[in-house]
Amino acid sequence: MLIARRRFFQLLALVVATALCAGAAIAFRGAGRWLIRPDALAPADVIVVLSGSMPARAEEAARIYRLKYAREVWISRPENPAQGLAAMGIRYLGEEDYNREILICAGVPEKAVRVFPEPIVDTEQEVEETVREMRREGKASAIIVTSPQHTRRVRALWRRLAGPGLRAIVRGAPKDPFDADRWWRNTRDAFSVAREILGLLNAWAGLPVRPHSH
C-alpha cells in the first residue's frame with residue numbers, strides 16, 4: 001500500500017512537471033504574438049509617431065493620414081547629442097528630422113507635421129508628452145503609431161498615465177521587421193521581447209523604475 005501510494009505521488013509529480021514545462025514552452029513561443037495588441041483604426045484628432053523603427057512608423061503614420069483618419073501628425077523627439085555636437089561645430093540631424101522628411105515625402109503636408117518641443121528618453125515620457133500636448137492643444141483622441149510588439153505596453157502606459165477624457169488608438173507599423181513567431185532566433189527581436197516584458201512589469205507595478213534624467 002505504501003509503495004503504491006509513493007508511486008502514485010511520483011507519477012503525479014512527473015505529470016505536473018511535464019505540464020509546467022509544456023506550459024512554459026508554449027508561453028515562451030507565444031510571447032512575441034502576445035505582445036501585439038493593436039486597436040482598430042478610427043478617426044482621431046491627431047496621429048503621434050513614437051521614436052524608433054525608422055522608417056516603418058513614419059510610413060504607417062503617413063498612410064493613416066492619407067486615409068484621412070486625422071489632420072495632424074506629431075513626432076516624438078528622442079534624446080540626442082545635438083547640443084554637445086553643436087558646441088563642437090558639428091551639425092546633427094536627429095531621428096525626428098528624418099521622420100519629418102519621411103512624412104512629407106509620403107504625402108503629409110509640411111504644415112500638418114509637428115515635432116514635440118521636449119526631448120524624451122523612453123516610452124513613459126513619450127506618453128506623458130503626448131498627454132501634455134493634447135491637453136494644451138485641446139485634443140481628445142490620438143492614433144499612436146509604434147511597432148507591433150510595442151502596442152501592449154503603450155496601451156498599459158496610456159491607461160496609467162493619460163487619465164480621463166483622453167483616448168488613444170494604438171497601431172503597430174506592419175513594415176516593422178519583428179518576427180512574432182520566431183522572436184528568439186535573432187538578437188534584435190529577443191532584446192525587443194525582453195524589453196517589452198520588463199516594461200510591462202514596471203507599468204503594472206506602478207512605474208517604480210523611472211526614466212533617467214536628460
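Is Asp181 buried, partly exposed or exposed, and what is its relative accessible area? I looked it up in this predicted model. Asp181 is partly exposed, at a relative accessible area of 40%.

**Entry: the partner of Asp181**

I checked what Asp181 pairs with. Asp181 makes a salt bridge with Arg33, and their closest N and O atoms are 2.8 Å apart. This bridge ties distant parts of the chain together: Asp181 sits in the loop between strand 5 and helix 7, Arg33 in helix 1 (residues 2-35), 148 residues apart. Arg33 is partly exposed, with a relative accessible area of 44%.

**Entry: Trp183**

I moved on to Trp183, which is in the loop between strand 5 (167-172) and helix 7 (187-204). Trp183 has a relative accessible area of 8%, under the 20% cut-off, so I noted Trp183 as buried.

**Entry: other salt bridges**

I noted the general idea first. Side chains of opposite charge can pair when their charged atoms come close. The count here is 17 salt bridges.

One of them joins Arg100 and Glu110, at 2.6 Å from N to O. Arg100 lies in helix 4 (residues 95-105), and Glu110 in the loop between helix 4 and strand 3 (113-120). Arg100 is partly exposed, at 24%.

I also found Arg188 bridged to Asp189, with the closest N and O atoms 3.0 Å apart. Arg188 is partly exposed, at 46%, whereas Asp189 is buried, at 2%.

Last, I noted a network of salt bridges that links Arg114, Glu133, Arg136 and Glu137.

Notes: Residues numbered from 1 in each chain as written. Predicted model: local features only at pLDDT ≥ 70, side-chain atom pairs only at ≥ 80, totals over all residues. Heavy atoms only, no water. Helix = DSSP H or I, 4+ residues; strand = E, 2+ residues; numbered from the N terminus. Buried < 20%, exposed > 50% of the residue type's maximum accessible area, 1.4 Å probe, protein only. Salt bridge = Lys/Arg side-chain N within 4 Å of Asp/Glu carboxyl O.
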